[in-house]
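Subject: Structure handover and notes

Dear colleague,

Here is the structure you will be working with. My notes on its charged residues and strands follow below.

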Amino acid sequence: MKLYVLTCTLLMVQLCVFSQEKEHTYYFDVNNFKGNIALHNNDILHLIQGHPQGVILSWNKKTYGFNAWEQRYNYPDYGATLIYQDLQNDVLGSNTSLYAHYNFYFLNRNLMFRIGQGIAYTPKPYDKVTNYRNIAFGTHLLSSTFMMLNYKKERLIDNLGLQAGLSLIHYSNANVKAPNASINTIALNLGITYNLDAEAPKFITTISESEKEKFSQPIKYNVVFRGGVNESDVVGSGQFPFYIVSAYADKRINVKSALQLGADVFFSNFLKELIYYQSVAFPEENVSGDEDYKRVGVFVGHELFINRTSLETQLGYYVYYPFDFEGRTYLRIGLKRYINEKWFGALTLKSHGAKAEAVELGIGVRL
């Protein structure tokens, strides 16, 4: 009886140890950076005065291949980043931003590419009386994207490591409210890493090349409804809601990627006000004021699947275009998050070249 109890106890201990096997480890990195504001628009020349500088603080969770998607993407990290940036300009002030990010690795894991998307706060946006020179930021809250390309060596001295490279930080409110010239900072960064665990698990490899090749999926049909608010470039013209209905087919070409073909119908209410404004203020533009504010576009796209999150990029062309606004081609890029096999949420940016039109919040179904 005692032997039976002892055997059961040992089995229970082994099961507990196995169930608690680490699937992740964690580390922090802190980077100082200093750089320049890129000149992407001559209207912001007066805002390029000093060399923006700041600090990037990140918390990271490492993956080791316990899930198939981790193996497919060479065991990426994911986590959260806080950035404080002094823009070295009394008009722009300083920005504080928070992001969710992924780290992807290359060259025997010595080269790291980080991409993050988040929200930023600026205390000194445009004000027609007190800060009329700040044409970069029309609101306190901004959308922000940042990227890092770093050479990285972990555990050089115990749990401490070093990394250095280039960073790009972009701030914009995507025309939620004018003005919105936006700011891009290109900077050099140097930082340290600190691993919270003394040892890391070994990487797991269970996906063979033959298994990857076997993946197939029939054509899927998607319907998406997007919406939000935005404003034309005319300061004070007002914020208006917009609605977009999209339908497209996609075909998975492998386990990571799908190609898309579809159409959008745009109900952009800010164009109503812009059409009326141009018809009154600029008669030389030959705008009657009766032009339709709606547009219809067709697009091709690509979707990159990363776990339940995916990155979507689309290139479109307006086939119904009664009023000329920023040209007939448009771009869309953003993130989708699958709630289950069919339903997903989406956060995307629509632009005409480098000129943003709107941040779109959407929900869709993939059948």
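Helices (H or I, at least four residues) and strands (E, at least two) are DSSP runs, numbered from the N terminus. This is a predicted model, in which local features need pLDDT of at least 70 and side-chain atom pairs count only at pLDDT 80 or more, while totals for chains, interfaces and linings use all residues. Residues are numbered from 1 along each chain as its sequence is written, and side-chain values use heavy atoms, with hydrogens and water left out.

Surface charge

Glu285 sits in the loop that runs between α4 (270-281) and β12 (294-306). Its relative accessible area is 46%, so Glu285 is partly exposed (buried means under 20%, exposed over 50%, and partly exposed in between, with a 1.4 Å probe and protein chains only). Together with Glu284, Asp324 and Glu326, Glu285 makes up a patch of negative charge on the surface. Patches are built from residues with over 30% relative accessible area and no salt bridge, with like charges joined within 9 Å and nonpolar side chains (Val, Leu, Ile, Met, Phe, Trp, Tyr) within 5 Å. Asp and Glu count as negative and Lys and Arg as positive, while His and the chain ends are not counted. The place of a charge is NZ of Lys, CZ of Arg, CG of Asp or CD of Glu. Accessible areas come from the Shrake-Rupley method with a 1.4 Å probe, and for residues only the protein chains shown count as cover.

Salt bridges

There are 14 salt bridges in the structure, each being a side-chain nitrogen of Lys or Arg within 4 Å of a carboxyl oxygen of Asp or Glu.

One of them joins Asp233 to Lys355, with 2.9 Å between the closest N and O atoms. This pair links distant parts of the chain, 122 residues apart: Asp233 is in the loop between β9 (220-230) and β10 (240-252), and Lys355 is in strand β16 (residues 355-366). Asp233 is partly exposed at 39% relative accessible area, and Lys355 is partly exposed at 26%.

Another salt bridge brings together Asp250 and Arg366 (2.8 Å, N to O). Asp250 belongs to strand β10 and Arg366 to strand β16, so the pair ties together parts 116 residues apart in sequence. Asp250 counts as buried at 1% relative accessibility, and Arg366 counts as buried at 7%.

Lys336 and Glu312 also form a salt bridge, their closest N and O atoms being 3.6 Å apart. Lys336 is in strand β14 (residues 329-338) and Glu312 in strand β13 (residues 309-320), 24 residues apart. Lys336 is buried at 1% relative accessibility, and Glu312 is buried at 1%. Both belong to a network of salt bridges that also includes Arg226, Asp264, Glu303, Arg332 and Glu360.

Strand pairing

Two strands pair if DSSP finds at least two bridges between them. β13 and β14 run antiparallel and are joined by nine bridges; Glu312 has Gly334 in β14 as its bridge partner. The covered face of β14 holds Tyr330, Arg332, Gly334, Lys336 and Tyr338, and its uncovered face holds Thr329, Leu331, Ile333, Leu335 and Arg337.

On β14, eight bridges make an antiparallel pairing with strand β15 (residues 343-352). These two strands form a hairpin with four residues between them. Lys336 is partnered by Ala346 of β15, and Tyr338 by Phe344.

β15 in turn pairs with β16 in the antiparallel sense over 10 bridges, where Leu349 has Val359 as its bridge partner. The hairpin of β15 and β16 has two residues between the strands, and Gly353 takes a positive phi near 65° there.

Regards
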